[in-house]
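Have a look around first, and then we'll go through it together.

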Amino acid sequence: MSEEPRIGVFVCHCGINIGGYVDVPKIVEYSMTLPDVVYAEPNLYTCSSDGLQKIKEAIEKHNLNRVVVASCTPRTHEPLFQGACEEAGLNKYLFEMANIRDQCSWVHMHEPEKATQKAKDLVRMAVAKARLLTPGDEPEIDIHPTGLVIGGGVSGMTAALSLMNQGFKVHLVEKADKLGGALNELGTLFPTNVKAGELLRPLIKGVEESPDIVVHLNSALKEVKGFLGNFEAEIESKEGSERFEVGTVIVATGADYLDPVGLFGYGEVHGVVTQLELEQKMKEGSLGDVKSVVMVQCAGSRIEERPYCSRICCTEAMKNASLLKEEDPDRDIYILYRDLQTYGIEYTEMEWDAKRKGVKLVKYDKARPPVVTRGERGPMVKVWASLLNEELTIEPDLVVLSAPLVPNPDNKTLSQQLKVPLNSDGFFMEAHVKLRPLDFATDGIFVCGTAHSPKEVAESISQAKGAASRAGIPMAKGRVRAAAITAVVDEDRCCGCGICIELCPYNAITKDEMGIARVTSVVCKGCGVCGASCPERAITMRHFTNEQLEAQGLAALGRVVD
Amino acid sequence: MAFEPNIVGFLCNWCSYAGADLAGVSRIQYPTNLRVIRVMCSGRVEPAVVLSILAEGADGVMITGCHIGDCHYIDGNLHAKRKYELTRRLVEKTGLKTGRLRLEWVSAAEGQRFADLVNDFTEQIRELGPSPLSGTTPDLGLLLKVRAAKAAAEGFRLRALVGKEEKTVTDGNVYGEEVTQEEWDKVMTESVETEYSRHRIHIALTEAPGSVKELSEKLGMGSQAVLEHIVALRQLGWVDVQEIRGTSPVYVTMEVPQ
Amino acid sequence: MRKVGAVMVVGGGIAGIQASLDLADSGFKVYLVEKEPSIGGVMTQLDKTFPTNDCAMCILAPKLVGAGRHPNIELVPYSELKKVEGEEGDFKVTLNRKAMRVDPEKCTGCGDCAQKCPVSAIDKYNEGLGERKGIFILYSQAVPLVFAIDKEKCLGCGICAEVCKAEAIRYDEEDTEVEVEVGSIILAPGFEEFDPRIVTEYGYGRYPNVVTSIEFERILSATGPYRGTVLRPSDGELPRKVAFLQCVGSRDDRVGNPYCSGVCCMYAIKEAVIAEEHNPGLEPTIFFMDIRAFGKEFDDYYARAEEERGVRFIRCRVSHTDQEPDSKDLYVTYVEDGEVKKERFDMVVLSVGMNPPADADKLADIMGFELNDYGFAKTGLFTPLETTRPGVYVCGAFASPKDIPDSVAQASGAAAKAGRAIASQRGTLITSAEYPAERDISGEEPRVGVFVCHCGINIGGVVDVPEVVEYARALPGVAYVERNLYTCSQDTQESIKEKILENSLNRVVVASCTPRTHEPMFRATLQEAGLNPYLFEMANIRDQCSWVHMHQPEAATEKAKDLVRMAVAKARLIQPLKKPRIDVTPAALVIGGGLSGMTAALELADQGIETHLVEKEDELGGNLRRIKFVLGGEDPQAKLGELVGRVKGHENIRVHIGTRVEDIQGYIGNFETTLLSKAGEEAVKHGVVILATGGVEYQPSEYLYGEDDGVMTQLELEEKLVEGFSPDTVVMIQCVGSRCEERPYCSRICCNDAVKNALKVKEANPCSEVFVLYKDMRTYGFNEDYYRKAAKEGVLFIRYDDEHKPEVTNDGGLRVRVLDPVLNEDIVIEPDALVLSAGVLPALDNQRLAGLLKVPLSKDGFFLEAHMKLRPLDFATDGVFLCGMAHGPKAIDESISQACGAAARAMTILSKETLETEGAIARVNEDLCSGCRMCEGVCEFNAVEMVEQDGEVHSHILEELCKGCGVCAATCPSGAITAGHFTDGEILAQVRAALTEVSR
Amino acid sequence: MTDFEPKIVGFLCNWCSYAGADLAGVSRFQYPPNLRVIRVMCSGRVHPAHIMEAFKNGADGVLVAGCHPPNDCHYISGNLKAQRRVALLKMLMAQLGLDPERLRLEWISAAEGDKFARVIREMVSNLKELGPSPLHDSEAVIAGDD
């Protein structure tokens, strides 16, 4: 922009919200003394259609190339004023606001003189910044209408089907030789005791029969490049590798069960099995003559090494305990637990159901966990029942350990390939635990199912549908408009140290073939951390440049720099 | 007239700025001394920018961001904290009171907290009195120190260390070894001292050429240390010998185009 | 028994490098093991070297580079010995190769990593006076030029890997074990500086202005912390008065170092002289006990320092140093003339001695050889190169403290020993490059291919490389241009070859870094593509452009274009050159049948070389015949007998006694010599000449010698002592005929001889009185022990100086009157025997032989080697070598080392059937030559001969001897001489291209 | 005349001075970009005609740099020959109306990177004071001998 700045200042009375405490005419008058300000006027409500019209007229009449509105907060009103500027043919990034209401008149209602002084300062600061503003443009990118789903378990298949139903093509990548994931191992599923196989069958059929879903078995992701709408994925299988373009990626890699070797006699004492193994036996009918069973909860979770709760084990134990009781009501079933996490209506009901059937619940203490040793005829369990305040000794036929779900060992590689984070437990970490549970900070990549954290099938399915719906949004739009408040790298200064790449939570920065950082501006969210951290000071943060920040700071101190 | 501090605040757009707006909407009253600069993220605030504002005479600088874990940009506030720590170290070096700086977390819902904070900080600054760099007769010696601190904050070394700190201390280093905060701080302390001292010398030589002895007196630094820094600065091509005056080499700055 | 044709050299200092080069040039594979990441050792830290004041780096760098790219030398840097198994001829050595964490194949040495490394560490190269980074090279010119990560300091931040465009960083690299099979091992681990913190009275470590001599060396150096201006570390002021304290950690029993380090006197004098040169007006003072300037031309240097350069010498041992706390000035307290004196200085330099290497014990343990009492490798007087373990040899300071030329000579000697043990395996483990047939380009128009390097961002970050590429495209003669990220990378070499073939290129220009390091590699690439290697030219757009104009990208781009234009202008004119090949006669001529000559002859003969040993007298043995006993207790006559027996019985040695060399014709590889004996003339053909003409004892004319029977020389005394002579009172006078006006040099051996004979007298007659009148006692090295022993046994050492020489009279009995400087009064002794330590004179025949061979003599009449420091056994004239007393006075072990060394040097020629020499040499156009002989006068290498043809005399270049410097071409008034590869046409084309846009 | 940028041609011997110039680069010592280097094996290779050709083609200054006397020369004494030639040529230059200051002989060792940079800085600033070479516009002066 080679033109000299010509700034127009519009000072809002906001009825009496501003004008009642701040001397607006004085501010208008003061504005006219500031460098490069060629026009200033007061408005009753600058945000009214009348006020907006006046801005447009002034731009035209006074040939303004920067506009400052002193009124309320940019968080709510900036888009409105920027719209007015655009309508008058002025780039919207040539607009700046001074917040003299929310952060001035309203909070200094009893000090009108000081409030007026502050308002002047705020206008001066806004003008100082406005003088340095440059126009920005908002590039648009096309979104490739194909999804990539990694993981062919229940979550992945659900997500793939959901995407297909939204009208997108899907590549589904599964590392095993068949679809189904962990459900292939399970017997029945709580709370309805539906057989896992029955749940899987229609899903697999749907996936396999869909012409829009390409299933890649025995395959793993080798590389992903690109960004939202334009990822280039390469998958590798024994047959070789294949590349394709996708617009979005859903991570549904599931989780593994812990192999509880060394815990509670597992692997050492005959008759100690996991819940999964119990289900296998029940499924095959190979349980045999089992008269008494002790289930040990939290077998490997909620401990120092693995501090998280595996969420499903309590309900799973209730389900299996009930099933065992149904088979043979004479069986003695003990569940040794620390805290029962049978959350929600249905699961609480399952707990009651088990109790009604005579399943004995024994609370143990983390400090004094049950000890399983070899007894005379089978395992022997000693447990300090904390509610009874006494030690129980049980010699069951079977000890069943509720081993937790643990992260898929492939997570680490995948997180590096996709540049999305894992939490300290090794599960994928979403962008925001409350509000963005299915997104990653990186646009266009989503997560669902037990890849995210231990969860039961219904929850996984909900998440999968949710993730597919999130992924569908940009693909349905077909285009995305990027913001102009982005970082830009001066390639002559960049030494390629990679700090910006490391710090960018959005993977918006990559290295080019010369090892120089490049910002993918459509992915950049404009936080500016990269710019503030670049050791070579090679990154400029558009719209919040150092010069602009310093000019504002200096203006705040009453210094105007020409 | 009572002392009215000039305080500059950097507020992140998503939490703190919204919190400040909420204070307004709620008509919570607080002192008028704060002048707000909106930034998208508290992690955007560079030590060098803060130092240049201090150099211009601000009585206090406040940086506020989202609470840890709430950052709109995931972890920008963690970086803000690292950067703030560097600013604090450098300010400490100059002798300016570190009480003139403040980093706080304010959420969008904490209008009252924001107002309390402004109250508290304004009071704190009032007690500290005007910045020696404010007014028409700023303390020129101190000004040079703050400029040296700013130059140090703009240099590769400190910026690189701060840029790498969060990741290395949290996730370990490239060897997969754990790096404790104490270990990192040790390097930081050394590096801040070195960089600050070198810029002190460089700036002093920009003002006027001088010998090691003169620099040592002027800067209150041991002459042996000054010489060691001069050796390094010559290696960097920042200073060179202008002439030998008596038994003293006199050093000048070389042009270092940016 | 199995033998392996490879040698391991442990230690990459100057001795290790020399040994490696000699062996590699003689057809053996060499593993050069160095504990630091780069070779070069202590010499790289030195500013100048005595006695010539040569720039250490200037003379060392070619050897470093030579070792670094020698096809038969494999550098094993950053490695230490772990295990040695096997026996002489067949060792298996296990090495621990420390992780450098940088891939040497990929690292280009550009230094970007160190620039960006945020961690600083102590700069060992600058002795802690500067700063280096967590990733470093030892010094700028390091070989190999590979960075290493200092794991101790590294934070692991990862920046270096990110900025390394060559992707050379390997954080996951671990220490690795390497197994190597070799036939011989040479130890050259050097020495450790004595740590003067132990000697607390001098204040080192507490007083900033007290520095060690090696620190001072860095202070003096242009590449040092102060860029060569001497400054006080405490405050950066120029010191005026600088004190040098000698014998810190030497000749000092308290610290366990009774021996003399041998080099400190000379380096202190050098440092004093150079300091004054760098800081005019600086006043150096050297506090010493004896000045031990015993080497060739050393005394001369000492005298000039005192007389011409104003260095002040004070003979005393300094008791202590104090610091004035505010000024940090230093006060040196000493006793002179019985008076305690205290003098202020600005700076104090401690001349620290040599300790054995810190890991000597470990080394001895691993290798299974013995150390001597002081922790150095144990050797014998007649076996100075052998350790106690067969097959393991030693050279340099680890054998005994010594200076650079003695180390270099010894290194060559060790190479001879190591090579001899496995001579049968010569050539079995080396590979020579095979190239396709050269394409004939005569008649072709120039088709130049230009390859412009980005060097990561080292060039590309400043110079606009695409613009340079576009520019080059338009230059006349250019047929192809491309740019590369790294032109030196292996894949680019492949691509250059392809491009040469695809585009029928007949000249190649690479615009990248310096030809000093990279030209040989690119030339090899041309050869692989069938082009003559000389059809190559480089434009140095990095070291001399982008790196030095980093802030002026446009001007740098313009300069880079100019440099490319100049290179292309030259390239268009360059012609293929052939490297001359010389056939080598596999025989040697050794002149002189003394200890040195016989030793050299045996070394050669044992390696299968036919050797003519010429002795003018009728008997072999030379001076050794007169030596009856030695300080260490060995029997010299038994050794002599053994030696003569072996020489006479050796199938490859032809002994010519009573013979004189009449005439020598020819040049390297092809000499023809006429020998004259009573039997008549004989002509022999040989490939090399070794001069071992020895020296003779001075016949004194002073102190009544020859007039009084009681006056004799040391050699005469020795003969008498053997016969049972046992005097009661003996006076010995040192420096008779040495260190005087006519012969200013020190004869080196006389002090040791005097001590030896004094002890012998005392041994035979413990009640005898022995007085030694001396100027400086120069019992350097471990012989200091005998000096102490003699003093302990009551031998009285009385110093005299030239103003107060002893007076000898005989009025009915010998009387010696001498001023005792301690009592400051004359004392008179009436000895039974007055023994004169007569100096060593050059052999009488030297002058004549020098004329025959056209080799120079020093002003003292000894032969003058090619370079005092680094080529002590060579002459500038190729194929001629020297050793022993022909070079200057020296002891038995030193002569043996040199003799073996000369043999090793000779073997670098004799091991080859044909020699290939430099192709870029001078050529004479006979039509233009006027026969003025100016070229003959300026050639230092005797490469010009005058030829008569058709009655006209014109000059002719012996291409085998020409080194290609081009001085003759620049001298020739008729323009008859062309300097190959640097022709007038080529230089002028470059000049014009430098100054005009488009070359004409 | 402030924007006058002198053109300098430098003849550097391969062993010391060219290595010193390389060291200046390795050490990143900055100096003005006015020099164009021609590498010769020995400073003794440089003939007066080479130097005069440079002046004739518009060079404002010529640098000849070699190893320090007496012993650093790789070819033993080539540097001394260069010294004599330069001395003679300077006398001739004065007669031709060329300021002998424009020709400079320096001994620069392989360790003197900073000296190399300093010499170039000095030469450029001296030549800026001397102004453009008189041969710039009047090639006729010595054109005859081509």
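In which loop of chain A is A:Pro191 found? A:Pro191 sits in the loop between strand S8 (188–189) and strand S9 (194–195) of chain A; helices (H or I, at least four residues) and strands (E, at least two) are DSSP runs, numbered from the N terminus.

Before going on, some ground rules: this is a predicted model, where local features need pLDDT of at least 70 and side-chain atom pairs count only at pLDDT 80 or more, while totals for chains, interfaces and linings use all residues. Residues are numbered from 1 along each chain as its sequence is written, chains are lettered from A and ligands numbered from 1 in the order in which they are written, and side-chain values use heavy atoms, with hydrogens and water left out.

Chain C has a cis bond from C:Phe50 to C:Pro51, with omega near -5°. C:Pro51 lies in the loop between strand S3 (48–49) and strand S4 (54–55) of chain C.

Positive phi angles turn up in chain C as well. C:Cys247 isn't a glycine, yet its phi is about 55°. You'll find C:Cys247 in strand S16 (residues 241–248) of chain C, and at 9% relative accessibility it is buried (buried means under 20% relative accessible area, exposed over 50%, partly exposed in between, using a 1.4 Å probe and protein chains only). C:Asp950 is not a glycine either, and has a positive phi of about 50°. C:Asp950 belongs to the loop between strand S50 (944–949) and strand S51 (952–957) of chain C, and is exposed, with a relative accessible area of 77%.

## Cysteines without partners

How many disulfides does a search of the whole structure find? The search over all chains comes back with zero. A disulfide is a covalent bond between the sulfur atoms of two cysteines; the rule here asks for a pair of cysteine sulfur atoms within 2.5 Å. C:Cys117 is in no disulfide, and its nearest cysteine sulfur, that of C:Cys157, is 6.4 Å away. C:Cys265 is in no disulfide either, with the nearest cysteine sulfur, that of C:Cys247, 6.0 Å off.

Contact means heavy atoms within 4.5 Å. Buried area is the accessible area (1.4 Å probe) that two parts lose on being put together, summed over both. A salt bridge is a side-chain nitrogen of Lys or Arg within 4 Å of a carboxyl oxygen of Asp or Glu.

| Interface | Residues in contact | Buried area | Salt bridges |
|---|---|---|---|
| Chain C and chain B | 30 residues from chain C, 29 residues from chain B | about 2,700 Å² | two salt bridges |
| Chain C and chain D | 61 residues of chain C, 55 residues of chain D | about 5,000 Å² | five salt bridges |

Take chain B's side of things. Carbon and sulfur atoms give 58% of the area buried between chain C and chain B. In chain C, C:Leu155, C:Arg227 and C:Glu237 lose the most area to chain B, together 23% of what that side buries. One salt bridge joins the side chains of B:Arg198 and C:Glu131 (2.7 Å, N to O).

Next, the contact with chain D. Here, too, carbon and sulfur atoms hold 58% of the buried area. C:Arg992 pairs with D:Glu53 in a salt bridge, the closest N and O atoms being 2.5 Å apart. Which elements of chain C give two or more residues to the side that touches chain D? Among them are helix H2 (56–69), helix H14 (553–573) and helix H24 (984–995) of chain C. The largest share of that side, eight residues, comes from H24(C).

## A look at chain B

Finally, chain B itself. Chain B has nine helices and six strands, and its C-alpha trace spans about 70 × 60 × 30 Å along its principal axes. Of the 258 residues of chain B, 61% count as buried. Among contacts in chain B between residues at least 6 apart in sequence, 71% join residues at least 24 apart.
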